[in-house]
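Please examine the sequence and the three-dimensional structure shown here.

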Amino acid sequence: MERPGGRMNDTTGEFAVEAPFTVGARLAEARKAHALDLADIAARTRVPLRHLEAIEAGDIAALPAVPYSVGFVRAFAQIVGLDANALAREFREEMGGGQPERIIPEPFEPADPARVPSRFLVTVAIVVAIVLGGAYALWRSGAFTGSGDEERVASATPAQGLPEPTPPPASIAPPAPTPSSGPVVLTALEPVWLRVSDGGTRLIEKQLNVGETWEVPATAADPRILTGRPQALRVTVGSAVIPPLGAPERTIRDVSLKADALLARLNPPTASAAPAPAAALPGDPAPVLPNPAPINP
């Protein structure tokens, strides 16, 4: 007579302890004791037959993961009347699973306070960054150097190399009578950027398109213009057309737009004639002429 884990001695009637069976061998012995086939175990436990065969044969490599295989052993042991929990623990050890490793979280170690910048330093850094950013923005706008006006004038100037429209030749006409009054009107002959200021007040700063006009306010005390294309503006005072305020494609600055200053451009002062030599008065000594050089015969 045999039992799992030993064999009975026929002479003494005692069990001789042999080498310990594996979990699969003990399950196979118990199944045979109950006159069951593996197919019966598979049908009752719903465990695949190939896995039951691998458990009895101890073929660990043919089994799925440890949790599934241990569950198969526990179901197998319950059918054949063995201690399911004990066999499950032993089979886990046979598969090398052992006890699941406990993951111990590492305690959080706060940073060294000596390495963390203080709130005062952080505030100072933020203020310095804001000041530097504002200074850079002002520098880019040209508020310190006045270069912003020149850049806008240059951007409004047509690109080099493009053909410029040739202004019609001015016809020679007798000077027209100077009107006594009338509004000062600027008319754009071409797209042109300009700025007109009256003291510290900007009356206009924009680009006029072709045909667009702008009238100088009558209340302006001393309006002055800045533009990079004076030839693109037609300036009139009442019905009088004023000559261009500057050379073509040359920036003009602080040119007065007062009516009397513009009208003065219609009749520019002419150069006075050279003074005639004074007539000799009676009694003045006659001029002394140099002696002629002697002539050699």
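The text below treats the salt bridges and then a pocket.

This is a predicted model, in which local features need pLDDT of at least 70 and side-chain atom pairs count only at pLDDT 80 or more, while totals for chains, interfaces and linings use all residues. Residues are numbered from 1 along each chain as its sequence is written, and side-chain values use heavy atoms, with hydrogens and water left out.

Side chains of opposite charge can pair when their charged atoms come close. The whole structure holds eight salt bridges (a side-chain nitrogen of Lys or Arg within 4 Å of a carboxyl oxygen of Asp or Glu). In one of them, arginine 31 meets glutamate 56, with the closest N and O atoms 2.7 Å apart. Arginine 31 belongs to helix H1 (residues 23-33) and glutamate 56 to helix H3 (residues 49-57), so the pair ties together parts that are 25 residues apart in sequence. Helices here are DSSP runs of H or I with at least four residues, and strands are runs of E with at least two, numbered from the N terminus. Arginine 31 is buried, at a relative accessible area of 9%, where buried means under 20%, exposed over 50% and partly exposed in between (1.4 Å probe, protein chains only).

Another salt bridge joins glutamate 190 and arginine 229, at 2.4 Å between the closest N and O atoms. Glutamate 190 is buried at 17%, and arginine 229 is buried at 4%. Salt bridges with shared partners link Glu190, Arg229 and Glu249 into one network.

The lining of the second largest pocket has 11 residues, and Arg195, Ser197, Arg224, Arg253 and Asp254 lie nearest its centre. A pocket is an open set of points on a 1 Å grid over the protein atoms alone, where a 1.4 Å probe fits, with protein on both sides within 12 Å along at least five of seven lines; lining residues have an atom within 4 Å of a point.
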